[in-house]
Amino acid sequence: MELDSLYQEVILDHYKHPLNKKLSPTFTAQVHHVNPSCGDEITLNVNITDGIVTNVSWEGVGCSISQASTSIASDLMTGKNLEEALKIVESFSDLMSSKGTMAGNEDVLEDGVALAGVSKFPARIKCALLGWMAFKDAAIQSSKN
Amino acid sequence: MYLDSGATSQKPRQVLDAERNFYEHSNAAVHRGAHLLAEEASIAYEGARQVLADFLNAELDEVIFTKSATESINALAYSFGNSANGSRFALKPGDRIVVSEIEHHANLIPWQQLAKRTGAELVWFSVDSEGRLDLSNLEELINPSTKIVAITHQSNVLGTIVPIKDIVSRAHSVGAVVVLDACQSAPHFAIDVKALEIDFLAFSAHKALGPTGIGILWGRSEFLNSMEPFLTGGSMIESVTMTEAKWAASPKRFEAGVPNMAQAVGFAAAINYLNELGMDNVAKHEQDLTAYALKKFLQLDKVEVIGPKNNIDRGSVISFTIEGIHPHDVGQVLDQYGVAVRTGHHCAWPLMRKLGLVGTTRASFYVYNDEADVDALIDSILEAQKYFKV
């Protein structure tokens with residue numbers, strides 16, 4: 001069934017039990033991103049110290065894809081150095097614009113490859129990118145601060 | 001199963017034929033040119049205006065073609081904003097514009113921004129938990145400072161039909177004008193602007209079996225002929241010098257440039273189609289279908305209808321939420337079963353915030369839907385619950 005390529009079990013798991021979904025009291029940058037077409041909203045905090053992402057936390061409302069994707073991103077980015085983290089975001093963006101032609105590199109994206117199927121559903125790509133773009137924005141802001 | 005007519009309707013062949021026929025046989029710029037073809041184009045275009053006027057029980061010179069209902073409402077807001085001091089339409093600090101919490105963005109933001117530009121105050125009717133407007137503070141809300149009351153006739157999210165009679169009489173008693181957003185009403189039941197006693201009305205063709213790119217603004221001619229235009233340019237003038245221009249009378253005053261002619265002709269074909277069906281039959285069909293759907297919805301477990309749960313003063317729009325499944329995910333599963341619905345905030349974000357919702361899933365019915373479509377909708381909701389294990 002085509003739905004299964006969108007809603008992989010791992011996505012539904014992250015949706016029901018999201019990681020890092022509680023805003024940290026301290027942060028080096030905080031951003032608020034919305035998806036104006038569907039109303040999804042997230043607030044995301046990052047802590048980046050000495051070029052290392054020490055913490056990513058978030059709060060928000062949205063569909064299973066946006067919530068799971070943000071959960072996956074927050075987990076994946078924690079502990080990476082900034083340059084590496086931004087490369088991973090790039091890799092995920094490429095996967096999302098692949099129209100179903102890429103499977104994604106599991107060594108780089110880990111659980112993120114479960115979202116590969118989203119690239120076949122144009123209306124959902126923005127949902128999947130919400131958390132990643134928020135992280136990228138926060139990371140850049142943090143490095144400017 | 002197309003259950004998204006609240007966003008845009010499907011079009012009958014007669015509408016497509018009318019547009020093609022115009023391009024094949026009558027295409028020329030209206031009200032210009034010395035040739036027969038231009039004359040034929042003008043006759044077709046003005047004929048379309050007459051069809052719309054008759055549909056609304058309005059006068060011919062009161063029907064203005066625009067590109068959309070959104071443009072119609074913006075045209076009004078900008079026209080009011082352009083009014084000279086002392087005009088009844090001019091706004092200043094202390095004046096009041098009244099809207100409601102259930103407005104579509106198209107009938108909220110133009111007024112919100114007009115208020116910002118002029119210093120006028122924007123106030124609104126609240127929505128209650130049933131999805132009806134709370135009119136208990138009608139007299140305080142529409143006070144003597146009120147200049148404009150802009151209200152939807154039927155909510156695109158809740159289906160609520162707003163009882164506008166008291167609103168209109170209160171507005172008129174304080175000298176305010178009433179602007180009716182009829183996007184969700186005019187395609188679905190008969191509208192008589194004289195009986196409603198309103199002052200302005202907007203709706204678009206594409207939600208009423210007609211083409212995209214065309215809508216109307218209706219207004220009382222005594223108002224239209226004393227209002228400032230929003231767009232200026234060709235066709236809308238009486239005379240022009242290098243430094244001055246005098247405006248033509250309505251409707252030309254508000255139709256600058258070569259208009260969407262084929263679309264206007266297609267719009268008229270759609271209205272003729274609806275007239276053939278009979279607007280009372282259209283309304284009856286949708287009421288019956290809504291009653292059937294509501295009954296089924298109220299039997300579902302963990303599904304909540306957002307909006308009136310009875311069929312009184314209610315149109316054929318059913319918004320709902322399913323516990324544990326985000327609307328976007330609901331829409332995705334329904335699509336898998338061939339059921340096309342709308343999800344999200346439906347361009348009524350303030351209403352969603354008021355109701356404490358991130359969005360809803362919305363099914364909206366029209367003339368071509370039947371009980372089998374409702375059955376398919378209900379079945380696919382059950383499948384969504386199964387899929388997401390809620």
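In what order do the 4 strands of the open sheet in chain B stand? I looked this up before anything else. The model is a predicted one. I read the order as S10-S11-S13-S12, with antiparallel pairing.

**Entry: the sheet**

I checked the edges next. Strand S10 (303-306) and S12 of chain B each have a single partner strand, so one side of each has no neighbour in the sheet. I then looked up the turn between neighbouring strands. On average it is 30°, direction ignored.

I followed one pair inside the sheet. Strand S11 (residues 317-322) of chain B pairs with strand S13 (residues 360-364) of chain B over 4 bridges, in the antiparallel sense. In this pair I found Ser319(B) opposite Arg362(B). I also asked which helix packs on the sheet. I found helix H10 (residues 279-298) of chain B there, touching S10 and S11 of chain B. The direction of H10 makes about 10° with that of S11(B).

**Entry: a hairpin**

I moved to strands S8 and S9 of chain B. S8 covers residues 237-240 and S9 covers residues 245-247; they pair over 3 bridges in the antiparallel sense. The hairpin between S8(B) and S9(B) runs through 4 residues. I noted Ile237(B) opposite Trp247(B) of S9(B).

**Entry: two domains**

I took the domain assignment for chain B: domain 1 is 13-276 and domain 2 is 279-387. How far apart do the C-alpha centres of the two domains lie? I read 29 Å. I looked up the contact between them as well. Domain 1 of chain B brings 24 residues to it and domain 2 of chain B brings 23. I sorted the domain 1 side by class: 11 nonpolar, 9 polar and 4 charged residues.

**Entry: nonpolar cores**

Which residues touch the most other members of the largest nonpolar core? I found Val149(B) and Val265(B), in a core of 115 residues. Helix H9 (residues 261-277) of chain B gives the most to this core, 10 residues. Domain 1 and domain 2 of chain B each supply at least three residues to it.

I listed the contacts of Val149(B), leaving aside neighbours within four places in sequence. They are Val98(B), Ile142(B), Ile167(B), Ala171(B), Ala176(B) and Val178(B). I noted another core, apart from the largest one, with 40 residues. Its members include Leu76(A), Ile88(A), Phe135(A) and Ala139(A).

**Entry: Asp166(B)**

I placed Asp166(B) in helix H6 (residues 165-173) of chain B. Is this residue buried or exposed? I counted 12 other C-beta atoms within 10 Å, so Asp166(B) is exposed, the cut-off for that class being 12 or fewer. Leaving aside neighbours within four places in sequence, I found Asp166(B) in contact with Leu135(B) and Leu138(B). I also looked up Ala7(B), 159 residues from Asp166(B) along the chain. Their C-alpha atoms are separated by 29 Å.

**Entry: where the chains meet**

How many residues does each chain bring to the contact? I read 14 from chain B and 11 from chain A. On the side of chain B, helix H11 (327-336), strand S12 (342-344) and helix H12 (349-355) each supply at least two residues. H11(B) has the largest share, 5 residues. By class, I noted 5 nonpolar, 8 polar and 1 charged residues on this side of chain B. I came back to S12 of chain B here: it stands at an edge of the sheet and supplies residues to the side that touches chain A.

How values were computed
Residues numbered from 1 in each chain as written. Chains lettered and ligands numbered in written order. Predicted model: local features only at pLDDT ≥ 70, side-chain atom pairs only at ≥ 80, totals over all residues. Contact = placed C-beta atoms within 7 Å. Nonpolar A, V, L, I, M, F, W, Y, C, P; charged D, E, K, R; others polar. Core = buried A, V, L, I, M, F, W, Y, C linked by C-beta atoms within 7 Å. Buried ≥ 20, exposed ≤ 12 C-beta atoms within 10 Å, placed from the backbone. Domains from an automatic or database assignment. Pairing = 2+ DSSP bridges. Axes fitted to C-alpha atoms, helices over the stretch in contact; angles between N-to-C directions.
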